[in-house]
2 protein chains.
Amino acid sequence: MTTRINKHTDKIPEPTLRRLPWYLSNAKLMKERGEKYVSSTQISRQINIDASQIAKDLSFVDISGRTRVGYEIDSLIRVLEDFLGFTNLHEAYLFGVGSLGGALLRDSGLEHFGLKIIGAFDVKPELVGTTINGVPVFHSNEFESLMKENRVNIGVLTVPINIAQEITDKMIAGGIKAVWNFTPFRIRVPEYIVVQNTSLYAHLAVMFNRLNEKL
Amino acid sequence: MTTRINKHTDKIPEPTLRRLPWYLSNAKLMKERGEKYVSSTQISRQINIDASQIAKDLSFVDISGRTRVGYEIDSLIRVLEDFLGFTNLHEAYLFGVGSLGGALLRDSGLEHFGLKIIGAFDVKPELVGTTINGVPVFHSNEFESLMKENRVNIGVLTVPINIAQEITDKMIAGGIKAVWNFTPFRIRVPEYIVVQNTSLYAHLAVMFNRLNEKL
């Protein structure tokens with residue numbers, strides 16, 4: 001089955017990947033309401049996306065619906081959670097325990113979606129040696145040796161922009177394979193490295209701009 | 001000048017809006033390094049975006065570069081920060097003081113980018129009446145009367161998915177004009193309401209998927 005999923009994921013477009021969590025949360029909600037089956041038409045009505053688009057998106061995951069009845073909700077939830085990687089815990093290190101970094105360490109919700117931050121790095125003496133929400137904060141110098149003990153693939157980048165590139169380079173040299181970049185800085189990485197940019201500030205900018213247009 | 005900026009913002013495409021913060025952080029970095037001018041070619045080299053795209057994006061903001069010299073860095077920073085709305089404080093209420101909501105309340109960084117959360121709402125007795133990082137937590141019932149005293153335009157949505165739509169409807173009925181939706185739920189809103197979706201979990205899903213492909 002792994003092979004089968006991988007075959008699909010090779011081709012799955014990012015917009016589809018971004019929509020799948022919507023279908024997942026919708027399915028969870030319908031289950032809570034006591035439903036046993038859900039069709040793409042029903043999901044469509046609730047979230048305002050074309051039913052044909054939903055059916056197409058769901059064709060990438062290993063589930064098939066039945067005509068007139070739709071998808072069995074429990075299976076749909078299980079398959080989507082699996083597919084999206086929420087059922088495996090992916091270990092990560094976090095770099096930069098500032099305001100946003102500290103906030104992310106306190107967000108236990110990430111664990112329910114498969115991300116477990118097992119250590120954080122900073123250089124501030126008042127932080128090094130402490131734990132935040134159970135996560136130990138190490139001195140940045142310790143990263144390399146810790147990676148030798150406990151190899152993790154994911155690095156969460158929450159440092160100031162002036163060191164964003166330098167820390168990214170160190171992460172990659174140490175063996176990090178995917179960078180979740182929360183800084184508003186566009187980092188440069190080799191092609192084999194995965195980067196996911198989540199700039200809250202860019203989202204804020206879009207929101208302010210759209211709001212100004214309407215006020 | 002306001003009119004001029006508004007004229008531009010009417011047409012500015014979202015991808016451009018999302019790239020502008022990159023140019024801003026890059027300009028800040030160059031300034032820190034002692035530079036006085038920066039050209040689109042220089043920015044291009046640093047962040048791997050076509051110089052012509054950068055010049056085109058910057059044509060939406062009220063700045064003009066000089067041939068061979070580029071943009072004056074201080075002006076570029078000022079104009080971008082203004083344009084992106086980071087220099088005005090936009091007041092907001094936050095709905096749902098769970099793990100992520102609490103984390104956002106603790107992220108003072110948002111204020112540097114123009115968002116000031118002035119109050120939060122929840123129903124949990126152990127939260128109501130407390131303050132988190134200086135922000136008072138009110139009972140959700142108090143929202144309507146508080147809006148009458150202190151009208152705010154922006155609502156940050158961090159509630160569980162099963163009440164995401166209900167709380168959105170209440171926010172809008174109370175006068176909220178823009179919803180920053182952190183839930184993985186696709187909310188339905190009237191056309192005149194701005195929605196910015198920031199699903200950390202959707203971003204995680206994309207990252208896990210891309211990482212799996214490469215491992």
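In chain B, B:His90 sits opposite B:Leu115 in strand S4, a partner found in a model that is predicted. Local features here need pLDDT of at least 70 and side-chain atom pairs count only at pLDDT 80 or more, while totals for chains, interfaces and linings use all residues; side-chain values use heavy atoms, with hydrogens and water left out. Residues are numbered from 1 along each chain as its sequence is written, and chains are lettered from A and ligands numbered from 1 in the order in which they are written.

Back to the strands of chain B. The names come from DSSP runs numbered from the N terminus, with helices (H or I) of at least four residues and strands (E) of at least two. Two strands count as paired if DSSP finds at least two bridges between them. Strand S3 (residues 90–95) of chain B and S4(B) run parallel and share six bridges. How enclosed is S4(B) by the rest of the structure? Seven of its eight residues, within the stretch 115–122, are buried, so S4(B) is largely enclosed. Buried means under 20% relative accessible area, exposed means over 50%, and partly exposed is in between (1.4 Å probe, protein chains only). S4(B) also pairs in the parallel sense with strand S6 (residues 135–139) of chain B, over three bridges, and there B:Phe121 stands opposite B:Phe138.

Now for chain A. Its open sheet has seven strands in the order S5-S6-S4-S3-S7-S8-S9, with mixed pairing. Why is one side of S5 and of S9 left without a neighbour in the sheet? Strand S5 (131–132) and strand S9 (194–197) stand at the edges and have a single partner strand each, so one side of each has no neighbour. Further in the order, S7 (residues 154–157) and S8 (residues 178–181) of chain A run parallel and are joined by four bridges, with A:Leu157 partnered by A:Asn181.

UniProt positions are given in the numbering used here, feature names are shortened, and annotations may be inferred rather than shown by experiment. A "DNA-binding region" is placed by the record at residues 22–61 of chain A. Over that stretch the chain is 68% helix and 5% strand, and its end C-alpha atoms are 14 Å apart. A "binding site" is recorded at A:Gly96, A:Val97, A:Gly98, A:Ser99, A:Leu100 and A:Gly101. Of these, A:Leu100 is part of the lining of the largest cavity.

Two of the recorded residues can be looked at more closely. A:Val97 lies in the loop between strand S3 (90–95) and H6 of chain A and is buried, with a relative accessible area of 5%. Its contacts (heavy atoms within 4.5 Å) include A:Gly102, A:Leu105, A:Phe121 and A:Val137, leaving aside residues up to four places away in sequence. A:Gly98 is in the loop between S3 and H6 of chain A too, but A:Gly98 is partly exposed, at 35%.

Grid points are joined across faces, edges and corners, and a volume is the space filled by probe spheres set on the points. There is one cavity of 30 Å³ or more, and the largest cavity holds about 50 Å³. Its lining includes A:Phe182, A:Leu200, B:Phe182 and B:Leu200. Helix H6 (99–106) of chain A and helix H6 (99–106) of chain B each supply at least two lining residues. The largest pocket holds about 1,200 Å³. Of its 48 lining residues, the closest to its centre are A:Arg18, A:His203, B:Arg18, B:Asn197 and B:His203.

How values were computed
1 Å grid on protein atoms, 1.4 Å probe; cavity = no way out; pocket = protein on both sides within 12 Å on 5 of 7 lines; lining within 4 Å.
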